[in-house]
Amino acid sequence: MQIQKKNFILLSVALLNKQQKLSLVFDNKNTQFISLKIYLASMIGIAKGLTQDFVKKAPKIELHAHLNGCVRRQTLFEIAQRKQINVDFSIFDLRNIKGAFSIFQLIHQVLRDLSDIRRVSREVLEDFKDQNVAYLELRTTPKSCELGTYTKEQYLATVIDEIQKFQQLHGDKMQARLLVSIDRGRPLDDARSTLNHILKLKNNNLIAGIDFSGNPSKSTFKEYEQLLEQARKEGFKITIHVAELEGDEYLQESFDIVNFKPDRLGHFNFYNQELYNKVRQLDIPIEMCPTSNFYTVNMKSLSEHHFKEFFYQGHTINLNTDDTCVFDTDITQEHFKMIQAFNLSEDEFKQLLLRSSNMIFDQSYRPLLQQRINEYFSSSQKQ
Ligand SMILES: [Zn+2]
């Protein structure tokens, strides 16, 4: 079997059974051999099959989750019904980036009161905790309600308040931080007022950084670059959605974004060899969102995911949900699907989580996080 994507080739040969696999990864362009992995589970006993339960119980790290995209579908239905809001829920069947933006509009249409924002924030935090996420960075764009029921300052204060309450109750189980999103689909003035507002909250240690996101076809990164540079000078860490769509104009913008050297990149679906080399050379960690990427890229199978072009090179990456509501997924599934797609061993799963811990924005929590990961895997090995 041969799977080819861009300039890399992954060869996997199934030997005898599923756990005995020969995997060869090499650079097609330079015919440079990159790695040889032989999984002979039954002979050397290291690549035992990982169960979904094992993955669920592992202390995981979620760094790319949009608050509104992770609303429980049931909660949306309930609020819409109670407020008699007529919405078309059939758009949940649209599994692509356009569908995702329509769903975001729908969610914004339904969440009309601060009490809704409060409820949704609490539920999303609980859902990640129940999936044994040990460290979460949740992102959201502060926005006012079009009906005038709340301002964007009130929106942000409500989300922060819920995170604070959660920390007091469950901080020992899951540490939660906030990333404030700047939506490129909104006017630059809106982004400027968001930055001015969060500068006043700079000492709030729950705000871990800034995310630049939104519909990539709505504006250019260059329009926002100066503002993001100002945010960086003020001490904010920055993650940027990049290379979500295919096309020359997006590729050029991806170079602009990578040259900006953000602290992390989100998705990074489409690239050429030069851009790949640049990201590898600059060593910028990547937040990958397998199910979301699967639909955006229109993959036939997750084994085509660009995970293979980074993970086996030792690049710092992690796996995330993006939007649990939109893509009908959770963080356990995101890991389990990739473990299956690449036949990852227990040790590779552990390495993936340890690498994720290196890219969290609140590095003060890293030692404890790594301790929890190490303890989980050492106790599992004793069983
Ligand atoms: Zn995203």
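Colleague: Which elements make a right-handed β-α-β unit with β8?

Modeller: A crossover is right-handed if, with the strands pointing away from the viewer, the path from the first strand over the helix to the second runs clockwise. Here β8, helix α8 (residues 221–233) and β9 form such a unit. Helices (H or I, at least four residues) and strands (E, at least two) are DSSP runs, numbered from the N terminus. This is a predicted model, in which local features need pLDDT of at least 70, side-chain atom pairs count only at pLDDT 80 or more, and totals for chains, interfaces and linings use all residues. Residues are numbered from 1 along each chain as its sequence is written.

Colleague: How many bridges join β8 and strand β9, and in what sense do they pair?

Modeller: Two strands pair if DSSP finds at least two bridges between them. β8 and β9 (residues 238–242) have three, in the parallel sense, and Ile 210 stands opposite Ile 238 in β9.

Colleague: What joins β8 to strand β7?

Modeller: Six bridges, with the strands running parallel; Ile 182 stands opposite Phe 212 in β8. From β7 (residues 175–183), the chain passes through helix α7 (residues 188–200) to β8, again as a right-handed β-α-β crossover.

Colleague: Why is strand β8 described as largely enclosed by the rest of the structure?

Modeller: A residue is buried if 20 or more other C-beta atoms lie within 10 Å of its own, exposed if 12 or fewer, and partly exposed in between, with C-beta atoms placed from the backbone. Seven of the seven residues of β8 (residues 207–213) are buried, so the strand is largely enclosed. Of the chain's 383 residues, 40% count as buried.
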